[in-house]
Each structure stands twice: as C-alpha cells, then as structure tokens.
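Have the structure open as you read.

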Amino acid sequence: MLKIHFTCPLPNGLHARPASALEQRVNAFGAHVQIVNLRNERQADARSVLAMIGTDILYQDPCELVITGDDEAAAFQALQQFITQEFASCDESMPPSQNEIDTPLPVFLAQTTAEILRGNGVSGGLALGVAMYSGTPDLYQLAEREVATTPEVQRDALQAALQQVRMQLRDALHHAQGEAATVLQAHINLLEDDLFERALLSERPARNALAALAQALDELSAPLRESRSSYLQQRVLDIQDLGLRLATHLCEQPLMPETVLRQDTIVISPTPITPGQFLALRGPHLKGVVMGAGGETSHTVILARSFGIPLLSVEPAEITRIRSNEPLMLDTRYGVVVLAPDAQALRWYQLEEEKRQRQHLRLQPLIQRPGVTQDGESVAILANIALAAEAEAAFAAGAEGIGLFRTEMLFCERAAPPDEEEQYQAYRHVLQQAKGRKVVIRTLDIGGDKPCDYLNMPPEENPFLGWRGIRLYPAFNAVFTTQVRALLRASATGPLHIMAPMVTTLEEIKWLREQFQQTEAQLRAEGIATGIWSLGIMAEVPSVLYLLEKAAAYIDFVSIGSNDLTQYFLACDRGNPQVRHLYNYFDPSFLQLLTEMTARAQRAGIAISLCGEMGGDPSALALLLGAGLRQLSMSVSRIAAAKAHLSSLTLASGEQKLAQALASDGAQAVMMALKQQVTAAAKPVVDPALILLDRPVADKAEVIKVLTDNLEVEQRVISGPEVESAIWQREAIFSTALGFAIALPHCKSAAVSHSSVSLMRLTKPLAWNDEVDVSLIIMLTVSEQEKGDHMKIFSRLARKLMHAEFRQQLLDRALPQDVAELLAQEIAG
Ligand code: PEP
Ligand code: MG
C-alpha cells in the first residue's frame, strides 16, 4: 500500500472538474485508489467522480490517496506528479465558447426588419415552423399533487421504478440502431452505476417518492453542471432524462401531456433538451430546435445531426424573447432564428429552398453513378466518416463505400472507453447501411494531435513522433482487444476491411495479424460468429514504401493517409504554423512518393487507395488519377464535386499533369500550373444557363441574390454569399446603373471559381437606386486569377450598350440561347 498525502489546493474544493481529471489519471492503472478527506474521514473510490464529490473536500482540507494493487508503484509515481504539478490548475475558469453570434449575415437576409436572435448552429440547416415550448416538468411541483408516503413506501416505489426503467431501456436497446442505440446504452450504464442507485434509494426527508427522486436528481446533477468537461455536462441531461423516465412510474397522473406535433414545428427549450425528449418529438413535423446554450456536445446534438434536424443553441436569457405559437424561420448555417419572419425572411427561405432543390436535382444523376472519367476509367469515390450515424448520409450523398471510418469519436470525450457491445453496434450499423458495399474501419488512432484523457498518456517532447496509433496497442491491450473483438463480431454482418494507423515496421504488421487471428480463434472457442474480414494498414509513415513487398504475405490492402504521410515525409508538423509553407501534398517529391507507393503496392498485389484530405481536393484529382489510384475516400461533402470533376478528366490528361508536376521545381509551381489548367479548362464566360429572362423579382437585393444563387447552382462560385457581398461592396462605392434602364453590377473575388456574365431581364422595372429604374441587369463576376479581363469585358460591354440596336436585341431575343450567343459575340469582340 502506498499513500500520497496532500492539502487540497483548489479554492472551490474538489468539484466535478478536478475530480474528473483525477479519475482519468487513476483509470490508466489497475491499482485501487481511494481518496480520503482527513478532516471528516469521508472516503471514496477515485474511479467515481460522483463518489469523490461526496467526500466534501474543501480548500486546504488535508487529504490522502491510498493506492493498492500490482501496479501501485507506477500509479504512485504518476499520481504524485499529477497532484503536485497539475491538480491545482484543474480549477481554471472555462474558456469562452466559440460562436457565430458576430458573423455577419448574408446581405439579403440582413435586410429583414423582423426581430432576430443569434446563436450557434450546432446542427446545420434551414427550417420554417411554429414555435412550441417543450419544458422539462418540475418534479417538485408534481410531487405536491401526489399523496404523501412513508420513507419505506418511497423506497419500494423507487426500487420498482428503477427495475421497470431498466427493463424498458434494455427492451428499447434491442430494437434500436445507430446513435439511438448508443444513447440508450449510455443510459443503461448510468442506471447501473452504484452511485446512481445509492443516491436514489437513500432515505431523505421527502413528501413522497417523486419528491425524493427530485432531490436525488438535484444531488447527482449539481456538481456536474459547472464542469468544464463536456462529457460531464452531457451527463446532466442524461440524468434528467432518466429522472423523467423514473418519474412516469411514480405518478398517478401523466407526467406531461404527450406532445404530438400536428404542424411544422420548431421546438424551443430554454434548457438543453435531453436525447429522450428529442427522440420523443421526432417525426415529420419536427423541423428544428432552438435550445439554451450548454448542450453543444450532448447526445441530442449528435442525434439532431444524424437526422438532419437544424439545431441552434442560444443564450437561455435570450430564448424567452420567442413567443409560443409564433412563426419562426431558422437558418442554423448562419446561426440565426428570425421571429415572426417578414416578407424578406420568408423570401430568403423560399430562395434558399429553391437553390437547394436545384442543386440536388443537378447533381442527382451524377451522385448515384459510380465515379468515372470522361474516357470511362473507373475511380471509386468513398466516404470518410467519424460516427456510425453518418453512414446513411454518406451513401445518400453518393459514396460508393466507406473508405475510412475513424473510430476515435467513439473513444474520446468520455471518461472510459466504450465496451465491446457498444462498439459492435456501431460497426454493425455501418455494415448494415453499406449493404455489401466496401467498408473500411480503422482501429483506434490516439496520440499525436488526438488526445484521449483516460489513457493518461504522459506528455511527450514530440507527440507526432511518439506514442501514437498502433504503437499504443501493446500497452493498452485490453482496450485494443475489445475493439478487435467488436470488429470481428461485426464482420458477420458483411465483409469488413480493417486497418491500423501509424504502422512503421514489418514486426508491427505481423503482430497485428497475430492479434486478429488469436482473437478470432478465441471468439470461435466462445461460439461467437465472425465473417469475412481483410486486414490492411495506413501508409502514413514513409517506411511503408519499402515494406510493401514483404508485407504482402500479411495484409491485403493499404490506404494512403496523405495528411500524415505529408508531415512525416517532409518532416514538418502538420499543425505548426512556422513550417506550414513546407507542409504541402503538391510537393513534387511527395507526388513521386505517391506514384511509387501506388506502383509498388500494385506490383506486390496489395490493393491501394487514398483517404487523406488530398483525396477530396479537386485540383489534386488529376494527379491521383495519373499516379494510378482508383479508389479515393473523402469527406461526405466533397463526394458530389469529386464525381463531377472526375467526369471532366481523362486518363491521358491525368498522366500528363502528373508528369509535368513531377518535373516542376516545387509545390507552388505545381499549384500554379494546376490552377491555370483549371481556368483554361473552365466553362465559357457566357452560358445560356446564366441568362434568366422575364423574371418577376421584388427588388435589387433579390436580383443580386437570385443571380448569385444561380452561379452557385451552376458551380461557378466557391461561396455564393461571399460573391453577393463583394457585389454589394461595389454597389456601396457607386451605383452601377448605366442609363437606358440597364445596370451592370460586378465584382472580382477569390470566391469566384469561373468568371461569368449573367443576365436578368425583368417583367417590370425596379428601382436600382434612388433615381434610376432598371429592367435589364448584366452581372459580371470575375475570378481573382483572371488578369485584366474584368475591366476589358466590362468596358467592351458598357461601350456596346451605348448602341440602341444592341440593347434592343437584348430585349427582343426570345430564348436564353439566343441572348447568350449575342453576348458571347460581343464579348469576343
Ligand atoms: C491521414 O493521416 O491522412 C488520415 C486519413 O488520418 P487522420 O487524418 O485521421 O490522421
Ligand atoms: Mg493519419
């Protein structure tokens, strides 16, 4: 037995935040650690935050950590260091949360005169609906309605309620999938926590069981509320959620009238809503949620994202400005809710919806087709995901498989690793969604820039060159083996590709294979089924290039992690701004490495793909095609654009661009050449799709929005709102009304990808500025890369518009095609 004696250095005593830091350190060891408050002799297991808070350790209280067990010496050393060097600083104030409250709104939306509230859009989207408050019932008040009972009756009632809720949750878990199952599992764990049960069943001076429950919930949640750890904050919502479930078994009357949404609704809740409340509200009429700040990292947010429900988190004091039953327009992409929206805000909603539908329609045929070049070369486009719940959206967005499921999210921001069952459910969910399509799941990649507090890894001088990825597995064998078991079990659902990160040597590869084989044998001995699985590695460390031949006997595939491979090959930390200029995957030497890696893997009979950011970068696509890669995995949001870009490339052009890049002097030269090629291969400046004839619009702001939206749909701008804003900046300097009822708004902006001339002919004139009405608008949007042409096109058009005949032709021509031809002729001069 070893003891660490200390005086509590925390001005606010041992509350949730420092207790959770201590618990995370203790969890790394097998030894039992007891914390003792020598002032009042209260003790607690240092693995339970809730229990430690109960020891009532205050500032300057004498305390002791009592450590017993096999690894007590190692635990003593680590905890001694923690207590003397870090413990006191666990009590610093919370950092301000980042938010979008100050981000300017798009010009069109900013012109609304309706009242608005700003907040953080934690699940992005657009919604229109009527406000409905969803309150959490006050259990103390409800307790007053119920009859008074003795402590014995209370205890029996609470025990029975506990049993019933446990059964209900287990039953629900049986039928649940994906994130909903994860949340249920977390609730079951909480319900089975000793401390939860003790708090619930301890004798209290309460009117009845409901009041006793309310007191127990307060007791359990109070210390967690102030916590800096998002994990602990989430637990308050989970405790409330369980409390409500228990309460329904303690009330004679219904706890809350069941809420059935009968019209499109935006649910308002001054307190963060619980996952259970969210799931109960979900249905076709739940359009969005506005809730009090504090639940940004909760399970509710994860659920909202996976169901595509916009969710805005707002300061609780502000929320009360929303009146029940008033219409709302919610746009969480810009962190805004408009109260009683006026015509301008409603029009914003309508125009954004139209744009979304047009974008969807335009990309739909392409999205559902496999990736293919113009000349018929197949390049599979897969998705990178970090949560099982993202799989559905990934396939809907056109993913031909999941090329990288990063499992870190399952492990991080929590107090202990997920158990085998929780992991199994997550992996199985992805395989079920895939319906036989390829799924690659990566084993845990902790270390470097990806911390995981409960593993209690020591600080390192060079974390990126240190204890990371596969290098950690032998030391955390229990955590790793649990993941391997869950993966192998999941392979019974569908063929599974499993790969490990940060592999450097052949020994590691052999060890990896052995672990999987041994675990599979163990599962078989237990009578547990496994299916078809194959093993691969990430190519992140350059040494992999020279291992491929020997590795072929042990692995089936390799996936290039260009993010890390770039940093290790070019020896520059990917997060260090001082060496950012060196970190560039367009570096010709790096491109040479990729080319050779691909060729060597193919020669060794190992399938090769790429899953770093480079895969989703449109300007890198031709080079990857040229290098021989035929499988790329990327963020879901990049898939449609990648397929679109791929369909404009040929194998020969890819090979030629790669050869040119390999011969270049450096990354900048490669990027410059690619950019020029993109603009050279660009769309013509004039196109019938940019000509909008005889269109009714309300005002100048709508003209500019409709034209920039159209550029967005036609994929000629990188950001519509930025181009819109650049046009307005010009307008602020001088009006672009030219005379003859014509306006020539224009801008040159980095947000323009393809220079364009758009035209809108109105059904009736509208005011462009105070004095001038216009009925024809020609809008010029020029890309930053374009040199000089902006002014040339502008002045040529302006000159041409002086001619009555040209103006008349623009007004007379019946079809967009005819108008486009006329404009193209004149611009060409
Ligand atoms: C990579 O390194 O390219 C990769 C995909 O892994 P991560 O970004 O998760 O480190
Ligand atoms: Mg990596």
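The magnesium ion (ligand 2) has Glu 540 (OE) and Asp 564 (OD) as its protein donors, lying 2.0 Å from it. Donors here are N, O and S atoms within 2.8 Å of the metal (3.2 Å for Na, K and Ca), and water is not among the atoms, so sites may look incomplete. Glu 540 sits in the loop between strand 17 (533-539) and helix 20 (548-551), while Asp 564 belongs to helix 21 (residues 562-569), 24 residues apart. Helices (H or I, at least four residues) and strands (E, at least two) are DSSP runs, numbered from the N terminus. Both Glu 540 and Asp 564 are buried, meaning under 20% relative accessible area (1.4 Å probe, protein chains only).

A quick word on the ground rules. This is a predicted model, where local features need pLDDT of at least 70 and side-chain atom pairs count only at pLDDT 80 or more, though totals for chains, interfaces and linings use all residues. Residues are numbered from 1 along each chain as its sequence is written, chains are lettered from A and ligands numbered from 1 in the order in which they are written, and side-chain values use heavy atoms, with hydrogens and water left out.

Now for the domains, whose bounds come from an automatic or database domain assignment. That assignment gives domain 1 (2-89), domain 2 (107-135 + 258-361), domain 3 (139-249), domain 4 (367-676) and domain 5 (686-828). Domain 2 puts 13 residues and domain 5 puts 15 residues into their contact, which counts heavy atoms within 4.5 Å. The C-alpha centres of domain 2 and domain 5 are 34 Å apart.

Note on methods: Buried < 20%, exposed > 50% of the residue type's maximum accessible area, 1.4 Å probe, protein only.
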